[in-house]
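I opened the model today to look up a few spots and jot down what I found. Here it is, for anyone who wants to follow along.

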Amino acid sequence: MKINLYPYKLKDSKYVIFSCGRLIYYKGFHVLINSMEYLPDNCIIRIAGDGKLHEKLAKQIEGKKLSKKVFLLGRISDEEMEQELQDCFLFCLSSIRRSEMYGVVQIDAFCHGKPVISTNIPRSGVSEVNQDGVTGYTVEINNPKAIADKIKLLLQDTALYETLCGNALKRGEELTDKNVIDKYIELFKNITPR
């Protein structure tokens with residue numbers, strides 16, 4: 001797979017902030033939608049996934065007059081997911097509860113060389129996956145302005161963005177199934193009596 005780390009290629013003259021997951025309470029998509037109010041006009045948010053909050057989120061977008069800036073994509077295919085990850089500027093995981101224990105999708109973003117803005121959920125592994133200031137940023141939960149501030153930082157600092165892209169790609173390689181399995185095998189070899 002060929003990864004273009006930088007420069008980022010605008011999609012329809014916009015920077016794409018991508019997120020995905022089931023549209024349920026703990027994913028915090030309402031917070032991500034609210035972050036759009038703090039972002040410049042050259043940004044859009046694309047959210048893939050379906051769930052019982054679809055109608056509520058759609059009403060939130062309409063009520064805030066964000067229908068040209070925030071898009072609910074519904075359920076998408078693996079091929080479409082691949083394209084979204086290639087096209088996005090960064091990935092955002094805006095979850096607000098410990099029900100989000102790990103956020104595997106962060107690794108998918110890393111494997112495409114994309115930084116992640118995630119939330120610092122107490123007693124969750126999300127911030128263990130996304131290393132703050134290295135592969136992206138972790139921000140306070142339920143804080144749309146904090147999400148927007150980190151996105152704007154990366155929009156303004158191309159050198160920082162490029163560094164995080166490279167770090168994200170390395171982190172994605174570290175966390176691939178094969179590497180993780182190899183580490184477990186080595187761990188068990190070291191603790192098993194001979």
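**Entry: I151.** Before anything else, I noted that this is a predicted model. I went to I151 and found it in helix α6, which covers residues 144-156. Is I151 buried or exposed? Its relative accessible area comes out at 0%, so I put it down as buried, the cut-off being under 20%. Next I looked up what touches I151, skipping neighbours within four places in sequence: the list is I17, L39, F89, L90 and I117. I also checked the C-alpha separation for L90, and got 8.2 Å between I151 and L90, which are 61 residues apart along the chain.

**Entry: β2 and β3.** I then turned to the strands. In which sense do β2 and β3 pair? β2 (residues 43-48) and β3 (residues 70-74) run parallel, with 4 bridges in the pairing. For one bridge I looked up R46, and its partner in β3 is F71. With helix α2 (residues 54-63), the strands β2 and β3 form a β-α-β unit, and I wrote it down as right-handed.

**Entry: S95.** Where does S95 sit? I found S95 in the loop between β4 (90-93) and α4 (105-111). Leaving out neighbours within four places in sequence, I listed Y26, K27, G28, E100, T119, I121 and I141 as the contacts of S95.

Technical notes. Residues numbered from 1 in each chain as written. Predicted model: local features only at pLDDT ≥ 70, side-chain atom pairs only at ≥ 80, totals over all residues. Heavy atoms only, no water. Helix = DSSP H or I, 4+ residues; strand = E, 2+ residues; numbered from the N terminus. Buried < 20%, exposed > 50% of the residue type's maximum accessible area, 1.4 Å probe, protein only. Contact = heavy atoms within 4.5 Å. Pairing = 2+ DSSP bridges. Right-handed = clockwise from strand over helix to strand, strands pointing away.
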